[in-house]
Amino acid sequence: MRIEHKSKKRWPLVITIATIVIIICAGIGVYATQKFKPNDTKENTTTSSSTDTNLDPPTNEEIQTGKDIKEQKVNPSTPVQTTESLNITANNTDSNIQVRATIASSIQDGTCTITLTKGSSTVTKPSVGIQPLSGYSTCKGWDIPLSELSSGTWNIEIVAKYQSKVASGKTEVTIP
Amino acid sequence: MKTVKSIFRLKPVFIVLSLFISLLSSFSAHAAVDGWIAGNIMDDGIFTNSSTMTPGQIQVFLESKVPSCDTNGQQLSEYGGPDLNGDGKVQRWEWGKSKYNQTTFYCLRDAWENGRNASRIIWDTAQKYSINPQVLIVLLQKEQGLITDTWPLSIQYKTATGYGCPDTAPCDSQYYGLTNQLDWAAKMFRAIMNDSPTWYTPYELGDNYIRYNPDASCGGSNVKIQNRATQALYNYTPYQPNQGALNAGWGTANCGAYGNRNFYLYFNNWFGDTRIQILASIAERYAELGGSSGVLGPVTMNRVCNLRNGGCYQGFQNGGIYWSSASGTFESYGDLRQRYLEMNTENGALGYPTSAVICGLKSSGCYQSYQNGALYYSPTVGHAYESISNLRDRYWSLGSENGPLGYPSTPVVCGLRNGGCYQGYENGAIYKSSLGTYENYGAIRQYYLQNGTENGGLGYPISSQSCNTRDNGCYQFFEKGSVYQTTNTGTHSILSGISTKWSQFSKEWGVLGFPLSDETYGAKNNSSYQTFQGGTIYWTSRGGIVIFNQIADRWRELGSEWGMLDYPISDTICGTKNNGCYQLFNNTRTIYWSPATGAKTVWGGIYNAWSKVGKEWGRLGYPLTNEIYVDGGSYQDFEGGTIHWNSAQGTTVTYN
């Protein structure tokens, strides 16, 4: 009787071990499939006269990303603004301060002016035009020689005027 | 309590299960973006390679990404909307109708604008601005998701590349339309590639501060833009992905911007690396050819491997380099490359190149050998053509371009009569048939052309042309006859029965010599004849008959076969007394000829009398005259006397 009792108690353990083994084997199978799958099965149809084009149906990620892009168009999370902001970048290259300004709007015609100030020092440059690019417009920009600016922190202000509107922005750049 | 204990005893199982689930979830999460280089999103060579796809290949690609288009919006709406027809479900057409008054949704693969389909518009734009059409395809996807969208809206086509469409401002309607959008995008790309002074570019080559997001508070970093393509992409989409966006793979992250990242991911997934990878052996050969300043120019596309027999290929501005284990590493460019492309490159009849391009041949020609043949180019021909298979062997044996044929001037053309093939050369041709592969050139070629080549009376050549016969003559054998040519006799064919008869008389080496005419039809009784230097061969219902000129002259005086002699019943027989000859005609009529006496007819009673006294071998010898008619009879003079004839006495022989 004791022997039978012991035997009955071991059955759950055997099942448990078998389950673990099956799960591990399945896991290894999944891992191997992911790890060692060919990088690009499309190469099987490659020829030198046509490039390496993937003609498989799109993956779920490709489809989902496309849907996200569309949804942003249909239901934009960023509300369309009626007033545009002006974004300024100023890069210190070896010889110039490269100042650029972009406006999140499609602008066909307009002008941008720049003023650099440091204490009582002021540097101005001739105004430049505005050109529309893909998803924004840009002032032509200015490459200001370092020789025209003394060491220290300069405040940069750019004002864009177009279509009866005015947009402005500020930033600063440090000259070593 | 017992249950609790059991559960506790099973704790290791839960731990393993947890680990397993964790492992699986790691696979299902987005993999981080691999290989992203902020300063080099794409190489210029790939960005500007406009020949990566044909319109047909673009169409096939578009169809592969939308296997099924929901043109009528029958699927359930992702965006909700009214149930216009009250059927208890909200379909896409109902949402489209209520929001955009649109119920039909044309996928890009089916889209047309101004008489051109989308694939053609993409390709045309790519060619116009020398931009890779794959770049434009990915642009359409990353801006509007148009490549994979199964029910695109009209508004997506209006702003297909997002040109003139700020993220935070209304779109500019002057840029609306698929063609217009692609044109403006490609125009901008080209302007930046050309460093056009009339296009303002906020991002330049070298160091630039590029933000992570339109929201300035998300920050950014300095990026050293390494090439024009990357400059163009940043000028188009002026944000870079932050580390979170890169780690998220296709997913999203705080302060992330995904335009350039998605461009990179889509391009990699659909068209391969955005940066050119060069195979080591190809790089070595490229360097030997002078690199980007050599004949091939800059690299324009990634290496493509797994070609036929495991070969690889790399594209350059002016050609390509092929590698395979069997053929080695060799280039393809210029006029020879043009023909190689026409012949389906390594998958065509030539196989892989097995030599460098070798120029400086005769007339400044070029040559390259391949696994199964060669390509030749000459400025005088103006196009490269192949030399392959048996035709190649024959061309090679004739000295190739230095031989009598010169350079190939046509492709190999097959499908001729009985499955034959042909190739034209500067000075002739080579024909391949079941009877062999043989050349045809010079005067015999001209004759062959004038007489219908393989479809004419001669059929295919069955021998090479030979010029080792007398009088500097040349000849060639054909399926149904032969052609002989000398400067003095011209070029003529000899066919069938007459040819056999001529052969019996030792051809051009015999008394008959070379032909002076082709076989002429229309002789008496539907017969034909052909004249030779030494005589004429007639082909009659009785077979071939040879008449030497010595005999023929007298025969013709009497009207030849139309006259009283009719056709001969024998060939001219020579070798009789004093090197004389004679020929028999019907009704005991003959013509005898000797060098001293010429050709004379002997017939009737006089012939019988002459026969009785031994003909030319007797005392009378050869006739000196033809039969001469006088009142009441006739006579004929011979070397040794005269034979008279009259109706009363018959013939009388009188010796000198």
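Reply: Two residues are in contact when they have heavy atoms within 4.5 Å of each other. In chain B of this predicted model, residues 24 or more positions apart account for 48% of the contacts with a separation of 6 or more. The model is predicted, with local features needing pLDDT of at least 70, side-chain atom pairs counting only at pLDDT 80 or more, and totals for chains, interfaces and linings using all residues; side-chain values use heavy atoms, without hydrogens and water. Residues are numbered from 1 along each chain as its sequence is written, while chains are lettered from A and ligands numbered from 1 in the order in which they are written.

Chain B has 19 helices and 30 strands; these are DSSP runs numbered from the N terminus, with at least four residues (H or I) for a helix and at least two (E) for a strand.

The sheet in question is open and consists of three strands of chain B in the order 16-17-18, with antiparallel pairing. Two strands pair if DSSP finds at least two bridges between them. Strand 16 (474–478) and strand 18 (490–495) of chain B are the edge strands, each pairing on one side only. On average, neighbouring strands of this sheet are turned by 15° against each other, direction ignored; the axes are lines fitted to C-alpha atoms, and angles run from 0 to 180 degrees between N-to-C directions.

Strand 17 (residues 481–486) of chain B is joined to strand 18 of chain B by six bridges. Gln485(B), for instance, has Thr491(B) in strand 18 as its bridge partner.

Helix 17 (residues 496–504) of chain B lies across strand 17 and strand 18 of chain B, running at about 100° to strand 18; a helix axis is fitted over the stretch in contact.
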